[in-house]
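Hi,

Here is the structure I promised to pass on. Have a look at it first, then read my notes below.

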8 protein chains.
Amino acid sequence: MDPGEVRGLLERVRRGETSVDEALSSLRDLPFAELEEATVDHHRALRNGFPEVILGTGKTAAQIATIMREIDSHGQTALATRVDAESGAAVVAALPEVRYDPASRTAVLMRKPPKRIGSGPVCVVTAGTSDLPVAEEAAVTAEVLGNEVVRVRDVGVAGLHRLLRHRPTFDRSSVIVVIAGMEGALASAVGGLVSKPVIAVPTSVGYGASFGGLSALLGMLTSCASGVTVVNIDNGFGAAYAASLINLNASR
Amino acid sequence: MDPGEVRGLLERVRRGETSVDEALSSLRDLPFAELEEATVDHHRALRNGFPEVILGTGKTAAQIATIMREIDSHGQTALATRVDAESGAAVVAALPEVRYDPASRTAVLMRKPPKRIGSGPVCVVTAGTSDLPVAEEAAVTAEVLGNEVVRVRDVGVAGLHRLLRHRPTFDRSSVIVVIAGMEGALASAVGGLVSKPVIAVPTSVGYGASFGGLSALLGMLTSCASGVTVVNIDNGFGAAYAASLINLNASR
Amino acid sequence: MDPGEVRGLLERVRRGETSVDEALSSLRDLPFAELEEATVDHHRALRNGFPEVILGTGKTAAQIATIMREIDSHGQTALATRVDAESGAAVVAALPEVRYDPASRTAVLMRKPPKRIGSGPVCVVTAGTSDLPVAEEAAVTAEVLGNEVVRVRDVGVAGLHRLLRHRPTFDRSSVIVVIAGMEGALASAVGGLVSKPVIAVPTSVGYGASFGGLSALLGMLTSCASGVTVVNIDNGFGAAYAASLINLNASR
Amino acid sequence: MDPGEVRGLLERVRRGETSVDEALSSLRDLPFAELEEATVDHHRALRNGFPEVILGTGKTAAQIATIMREIDSHGQTALATRVDAESGAAVVAALPEVRYDPASRTAVLMRKPPKRIGSGPVCVVTAGTSDLPVAEEAAVTAEVLGNEVVRVRDVGVAGLHRLLRHRPTFDRSSVIVVIAGMEGALASAVGGLVSKPVIAVPTSVGYGASFGGLSALLGMLTSCASGVTVVNIDNGFGAAYAASLINLNASR
Amino acid sequence: MDPGEVRGLLERVRRGETSVDEALSSLRDLPFAELEEATVDHHRALRNGFPEVILGTGKTAAQIATIMREIDSHGQTALATRVDAESGAAVVAALPEVRYDPASRTAVLMRKPPKRIGSGPVCVVTAGTSDLPVAEEAAVTAEVLGNEVVRVRDVGVAGLHRLLRHRPTFDRSSVIVVIAGMEGALASAVGGLVSKPVIAVPTSVGYGASFGGLSALLGMLTSCASGVTVVNIDNGFGAAYAASLINLNASR
Amino acid sequence: MDPGEVRGLLERVRRGETSVDEALSSLRDLPFAELEEATVDHHRALRNGFPEVILGTGKTAAQIATIMREIDSHGQTALATRVDAESGAAVVAALPEVRYDPASRTAVLMRKPPKRIGSGPVCVVTAGTSDLPVAEEAAVTAEVLGNEVVRVRDVGVAGLHRLLRHRPTFDRSSVIVVIAGMEGALASAVGGLVSKPVIAVPTSVGYGASFGGLSALLGMLTSCASGVTVVNIDNGFGAAYAASLINLNASR
Amino acid sequence: MDPGEVRGLLERVRRGETSVDEALSSLRDLPFAELEEATVDHHRALRNGFPEVILGTGKTAAQIATIMREIDSHGQTALATRVDAESGAAVVAALPEVRYDPASRTAVLMRKPPKRIGSGPVCVVTAGTSDLPVAEEAAVTAEVLGNEVVRVRDVGVAGLHRLLRHRPTFDRSSVIVVIAGMEGALASAVGGLVSKPVIAVPTSVGYGASFGGLSALLGMLTSCASGVTVVNIDNGFGAAYAASLINLNASR
Amino acid sequence: MDPGEVRGLLERVRRGETSVDEALSSLRDLPFAELEEATVDHHRALRNGFPEVILGTGKTAAQIATIMREIDSHGQTALATRVDAESGAAVVAALPEVRYDPASRTAVLMRKPPKRIGSGPVCVVTAGTSDLPVAEEAAVTAEVLGNEVVRVRDVGVAGLHRLLRHRPTFDRSSVIVVIAGMEGALASAVGGLVSKPVIAVPTSVGYGASFGGLSALLGMLTSCASGVTVVNIDNGFGAAYAASLINLNASR
């Protein structure tokens, strides 16, 4: 209910065409209707062209396929994350248009390429090969959300030269997503090299005192490099989504 | 040593004004000087107009004043954070040009206003009055770094109406910094309302199971709203710096 | 041994019909006999009509069936929680009168409907679909204990409009059970909307810094909304039991 | 703006006494004003007669006195918690009508007794003398909110007889608030004795493996007695507020 | 009311010297009085000659003196632990018969020596000089409770020869209390040397990863030596009390 | 090398039958030979008749059988703990004299009954049925080590009457082993009832905030009942061994 | 690009043979080229003869075999750690020259014996048999890296004599690697016996309060013996690598 | 009693100058005396020239001065760590020969320079200025123990160029001690640059998620650079001692 409608209602009241009781009844739900318009997720999606995202964890392949089909029927791109290989195959069997990517554990149903956003690519930097599933979740999410993505792999602080070689790539990116387990020091090293927003993703890679990603998480939160922000352990999707919001606003 | 200086040196070599030995000597430190160019804070500061920042914790007023004077002598703005009231007074006594702000515990020595950056203001949102010192650290930092700043105060998830009233402000901001202690739920609520980068700052406000900010930190990291990133507990400066990097790149 | 019996004993002593030694012996166990009468669980059950509850975890289907049969033979309703699908089928095979509900993982043997309690329904609110097993455990428990139950699903703080729409339902409930994983912010949001007792159940849903429900637990304990109380992680049964005690006393 | 005011506005529009533009202007803030009506604390307070509560921590005596005076000027009772003795004296000096209670660290400005709520008293049970400050915070809060309060002190599980003696008191209470540090076992023992809602408050009393109340908190959360709910460590106010919501609804 | 008193009462009833009503009145509180007999600390104290113990933490010197005087007036020994030097002096000033010992932070009011218990001494073993306050709390407590005490000091696992030299002392003791901070390895080393009950007391001595005694606590709980039991961090009193119960039963 | 041997060596030196170099060489290893004699585990076993104990975890059935056979060949009783059902069957198949007990997960090879120790039975008290495997490990271990054992089952603090009924049993025991998960409050309740050494075993029974036994462990360590000592989570064997050391020394 | 090359470049500039722009372009990448040469891992390997090491965790047998073959083709020794038995067999099937060792879970492809390093052996000391896999990972790694290795097994602090017997072995070693789970006290005991570098490896062996190696880790970090350093839980490889670096430098 | 003395004793026996009984008596304490020889700190000190070290924490200035005087009287160097400025002044007042260094909080009484050890300097690397007290504790300790020490300051991973500049210094060192708080990433960066033993010291510098040094500790333990070992938080002394043991053995 927009202001114009309220004005019309008031004028009908003034003209005696609508009773006070009827008007009161119409206005009663105004606050929530107004809010609903503003905040519901699929509306936001419509506005900025972002696809609907489904967290695959704890859902059956049949449930995932059903939701993807429904999103597709509304003309939107559907992205499902955390879909294991077995579920992925079942989803593709049910919905052949779905593209399943085992490296990122994502399933995508996209009829047309996303609207390109951002003033530069999202750079996804990985410390070790074990971090790749999380990195690919971030990269594929960022791509589906409309970003150009560049991948920089296998650069850890224990081999600084490999990291330094990629500085030009960092410099031309608009956002840098750093993905690392163990001590997570890569976020500090990258953050110190560039004047770009750095989003750090701790991974659960490691053993012993890694405590399932806690060491990397704490390391990234206490990074000595200014400007590093952090998302949840293994949350490649969240980092890519945050990077996309940055790029979305930069491209307006 | 910036590229222009190297070019000048090479031209002086070409013109015979500088001997090869002298040039070699000047260039000897080039690898690191060049790197330094790229990464050292004050050089980066020169490039993007960001001031030098001093972490006041563990420094005496005399040390803070000395460093600020030195930065000032290089023509840069100096910002010191975590300066308590007593130190602040001493710094001002030593350097009358310094402006000390007790609410944010910052001391600033700024000769000319910073270059305005960003496509919109940084919005600093606070859940409770106890979070204000951290919020002001963020706000003053963001201002000194060149951002327009809007402050939204005293909006917690236990009073949703107060939060919702500020949606237009959120929508016109380029980055939103959410500062909250206790359970830190405000980050999720704000993150769900807007399509903007949200940087969450857990504060150590609270008692008991707050565990010095841990509950807010974990709550923000596991936020159900996509696109929320998190910095260290009480790190208002870090959030503002990250927001400024986003704005800096958006304004280019 | 009630006061009348003690008086009779003393009078028999006075009349010389009972020796001092015999009387002393009778009195020796008085404290514990008296206590036993007062506190034994099945007596409490008889008094308020609450069924006997069996925690299924760590029990075989045969054990569960045996206990349910025994409770049933005393004329009481039997409720078993945390019964997985396989055990549920085996219990039903052994006791066909048992109703097994896979969504809540409960098995119920109830000959007649429970006595209705409370001045209003227990409202079970869920943040996400992954929280449903815990929510259903709460809802079924509350129903078996005699409460009217209303379910409000899929309302998270990242979509405030969905939550606000249910305020009338909250207002007519006598107790609200809020079930949420991740950051558990829903408890604060609901607690801020209503003047009702809110019982929060953190769930182990989530990953990374959720630490098996710890983030939701801490978030709920440090809720900025007054009047929120918390039970153990995933303890849908406990929340429903506490809600039922509130309703039981309200209905007297 | 309550429904009656909107009706009056509409009728003034119908009668031509108010222009559509004026009405539109008044209604413009309706969504949030309406929400505000529903959720803002002082409105809720008006509805149920609950006083405004001020958390004294981090506020100066002057600030506390100012807020209390303002609340008082609206005809409401003002309760400030966590006010230390020095601040309390200063508040009383500034506002002689304030009653400061050092045992509970509360300051109260109450012109008329609260409306009595509940079907029975709130029983505040304490394990040890060191828990008394938290217990008194709970007791005074409950009294100011309109509950009858009975205090049961110094009953720990290591002396069961002292606990059992108070069973009749427990049985006639409508809610029992159990306050204990160390291992917090009292909540389980009380919860097993009664069919009443039990709200457990872990305290930070103890040393070593108490870890600032963590042991009591975990013990209460994992209580083997059904129906026990828990609030934050040392949160006597929160427990009393939750108990009052139970009593408020029971008394309607 | 002890069995003898009940017998006397019954005999007075039999002789007609006491009416049934009077007897009933006396017996009315029997259940709890009897329980009290069994469990209340000062009764238990009477039975086994153990003194009353006062935890000084959180009590004023005046309170401590008052309680000690009252205990003394019942003919019992009074022991107060965790009494700092200032309070100790004040207690002695108020009650000159009290002996205050700064090393153990104990205050004792003992008119006659305790009844000697046990088949051998309690051996209190200390790893480092910083552990001495806890060790002395244990030693003085054990002495006041009637044990012979031998002290073995400054034997850590980093100097095994010093430890081994005391094996004969360990062998003639009935219980060994091992007090150590840091990694707490001494408990394992002593436990491996002897066939005696070993009670380990972790202390909060240490820094960094000692985490206030946590490392010693965990080390003692996971000791590779069978037969080691553990009490709370810094709980010298508790270890001595447990040792005394062992000795008390051994001496019967 | 005993003193007699050293005397003989010295006399041979004096008589010139042994050179100083030879004597020096013989004496060189004296310290360790002496120590070895004194401390090796199997010697301690021989002295006090305790069997050899094998921790089954991480050992194959074949390894367990081999070690048991070897111990048996030295005329000692062999006890293996933490032997699962499958391994147990395999051990019995290999060594038919072994008695495997699935409830306690122990395997015993005992040719003659153990020498009875202690001045009274070891009482093994259990809170819930899920604690029984740990309780049986304790009970069987105590029996094999020579103690009389009484079992008290299913007494939790949520049903105090059931606990109080067993006070006479507690009073005639020499040591009480209390086994409980969840909040572990049973240790405090039992510790408050008796003047006996109480050894508490936290179990990993529970979920959520039990954190694998941590809540019970902390609760037992911070018990408000004096004289309670604690062993590692689920360490029924350790508690029984400690109880046996107490009984062993009491029986001398 | 070495200084000579830069001089040449400058001279060509001086002689006009190279334009300033060309020189500037050549100098632009100088820093990173220089760095790359200096720090790349395989260069370090070449310099000191250490083999390439592959962490087997998370890699398929095929991937491991491929990498080992590639390393072998460069004439270097390949060591893979954390290779389970199944993968090991598959690697050997693919590369018959590989030696797989199930005890240490290592696969080695070594054409010629490593260059012997160090002034003495690396001594690998183990507390219990369950620690052997970690110990063997350390021992095999140390051997492949060129150290002489001596193994000392089954020496725990609960049996000091067994430990003391090995002092001569410790004294002739150049580095001692101590591997222990549970309370990890062995590191302190060994550290106190010798004047040698001691590297402690906590293992995840244990249960309950071992918390997956945390108790051993904390115990080793807070060791009362000076000179003990610690690596990650179960990190036998890391300890051996550190020991090898010590030996490598000692042997130069 | 050293071997020479035993030989002398035996020869006196052989010559008949000492009776067998007298010799036996002298030898009676040999096992432990011999052990003492081997392990007691001051004996070890004598052998390798290391000074006695006193941990100042928890000792009065008078105690420190007394111990230093005693050590000095035996001709040894005395080093006291963790001596605050006030105590330091008092120690110097009492013992003017003592040199107190406020930066490292050490007091040293050294009559002659230590014997130089090692094949190269110990390099002490610091991330930030706040880490200097720990770094200086390490540096002064290493110097007093006989090492050459080089200090590299203010090199953090956020400014890689500053770090890389010091590679030649790292390469000529025999051991590198890396001291860093916050995320502790410096240890990984240095470890990746060199083929030297790296000992990492986490410091308690930082706030929030640093958790008193925990983040740096975990980061260093999980370092991706092989060969890094770790000591306790803030344990500069321990790192220097371990480095000295490495150098001591390398210099033999």
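Some ground rules before you go on. This is a predicted model, where local features need pLDDT of at least 70 and side-chain atom pairs count only at pLDDT 80 or more, while totals for chains, interfaces and linings use all residues. Residues are numbered from 1 along each chain as its sequence is written, chains are lettered from A and ligands numbered from 1 in the order in which they are written, and side-chain values use heavy atoms, leaving out hydrogens and water.

Now for how chains D and C meet. On the D side 37 residues are in contact with 38 residues of chain C (contact means heavy atoms within 4.5 Å). The copies meet through the same surface, because 100% of the interface residues of chain D are also interface residues in chain C. About 2900 Å² is buried between them, and carbon and sulfur atoms give 58% of that (this is the accessible area, with a 1.4 Å probe, that two parts lose on being put together, summed over both). As for salt bridges across this interface, the rule finds zero (a side-chain nitrogen of Lys or Arg within 4 Å of a carboxyl oxygen of Asp or Glu).

Next, the rings. Over all chains there are eight aromatic pairs (ring centres of Phe, Tyr or Trp, using its six-membered ring, within 6.5 Å; planes under 30 degrees apart are stacked, over 60 edge-to-face, the rest tilted). One of them joins Phe237(C) and Tyr241(C): it is tilted, 5.7 Å centre to centre with 50° between the planes. Both residues lie in helix α12 (residues 236-250) of chain C, four residues apart, about one turn of the helix (helices are DSSP runs of H or I, at least four residues, numbered from the N terminus). Phe237(C) is buried at 12% relative accessible area, and Tyr241(C) is buried at 8% (buried means under 20%, exposed over 50%, partly exposed in between, with a 1.4 Å probe and protein chains only).

Finally, look at Arg82(A): its charged end sits over the ring of Tyr207(C), 4.5 Å from the centre (CZ of Arg or NZ of Lys within 6 Å of the ring centre and within 35 degrees of the ring normal). Arg82(G) likewise has its charged end over the ring of Tyr207(A), at 4.4 Å.

Cheers

Conventions:
Helices (H or I, at least four residues) and strands (E, at least two) are DSSP runs, numbered from the N terminus.
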